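Here are my notes on this fold, for you to check against the coordinates.

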Amino acid sequence: MVRVELSKTFRFEAAHRLPRVPADHKCHRMHGHSFAVDVVVEGELDQHMGWLVDYADITSVVEPILLNELDHRTLNDVPGLDNPTSERLCEWLWKRFAPRLPGLAAITVHETCAARCTYRGR
């Protein structure tokens with residue numbers, strides 16, 4: 001058996017502010033990010049197909065949620081994201097993706113090219 005891990009990166013633009021940090025913290029002010037989201041699935045390689053899953057199957061679950069619910073929005077206004085830290089955004093995305101994405105292993109939210117959070121559903 002061959003066990004593999006696939007990763008696909010998606011992007012969206014959004015604004016947010018972190019209401020629980022001190023008022024003089026820079027993240028207390030409204031600001032925007034070009035977010036990147038890595039979605040990782042893992043499992044046994046289908047020997048006939050030669051793959052774990054079609055990348056298009058991942059896209060069909062992830063893109064509608066990112067584009068319709070998060071892109072060009074203020075994350076604080078999205079139900080369940082009143083304090084939209086990267087950690088909370090990972091958790092929120094996990095709850096949305098996991099029921100429809102078998103083998104979901106990790107979600108990484110990149111706020112910047114140097115700052116990111118990974119959540120593995122536990």
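Which residue of β3 is the bridge partner of Ala15? That would be Thr74.

1. Ground rules. This is a predicted model, where local features need pLDDT of at least 70 and side-chain atom pairs count only at pLDDT 80 or more, while totals for chains, interfaces and linings use all residues. Residues are numbered from 1 along each chain as its sequence is written, and side-chain values use heavy atoms, with hydrogens and water left out.

2. Overall layout. I see 2 helices and 5 strands, in the order β-β-α-β-α-β-β from the N terminus. Helices (H or I, at least four residues) and strands (E, at least two) are DSSP runs, numbered from the N terminus. The C-alpha trace spans about 55 × 25 × 25 Å along its principal axes.

3. The sheet. Five strands form an open sheet with mixed pairing, ordered β3-β1-β2-β4-β5; two strands pair if DSSP finds at least two bridges between them. β3 (73-74) and β5 (116-119) are at the edges with a single partner strand each, so one side of each has no neighbour in the sheet. A hairpin of 5 residues joins β4 to β5.

4. Helices on the sheet. Helix α1 (residues 55-70) lies across β1, β2 (31-44) and β3, at about 15° to β1. Helix α2 (residues 86-97) touches β1, β2, β4 (104-110) and β5, and makes about 145° with the direction of β4. Axes are lines fitted to C-alpha atoms, for helices over the stretch in contact, and angles run from 0 to 180 degrees between N-to-C directions.

5. Helix on helix. α1 and α2 pack at about 125°, axes 10 Å apart. That makes α1 oblique to α2 (angles under 35 degrees count as roughly parallel, over 145 as roughly antiparallel, 65 to 115 as roughly perpendicular and the rest as oblique). Residues making the contact include Val61, Ile65 and Glu69 of α1 and Trp92 and Arg96 of α2. Contact means heavy atoms within 4.5 Å.

6. The core. The largest nonpolar core has 28 residues, of which Leu70, Leu89, Leu93 and Phe97 touch the most other members. Such a core is a set of buried Ala, Val, Leu, Ile, Met, Phe, Trp, Tyr and Cys residues joined through side-chain atoms within 4.5 Å. β1, β2, α1, α2 and β4 each give two or more residues to this core. Leaving out residues up to four places away in sequence, Phe97 touches Val39, Val61, Val62, Ile65, Leu66, Leu104 and Ile107.

7. Two loop residues. Is Asn83 buried or exposed? Asn83, in the loop between β3 and α2, is buried at 13% relative accessible area. Buried means under 20%, exposed over 50%, partly exposed in between (1.4 Å probe, protein chains only). Beyond residues up to four places away, Asn83 touches Leu18, Pro19, Arg20 and Arg88. Met30, in the loop between β1 and β2, is partly exposed at 46%. Apart from neighbours within four places in sequence, Met30 contacts Ala15, His16, Arg17 and Thr74, which brings us back to the bridge pair of Ala15 and Thr74.
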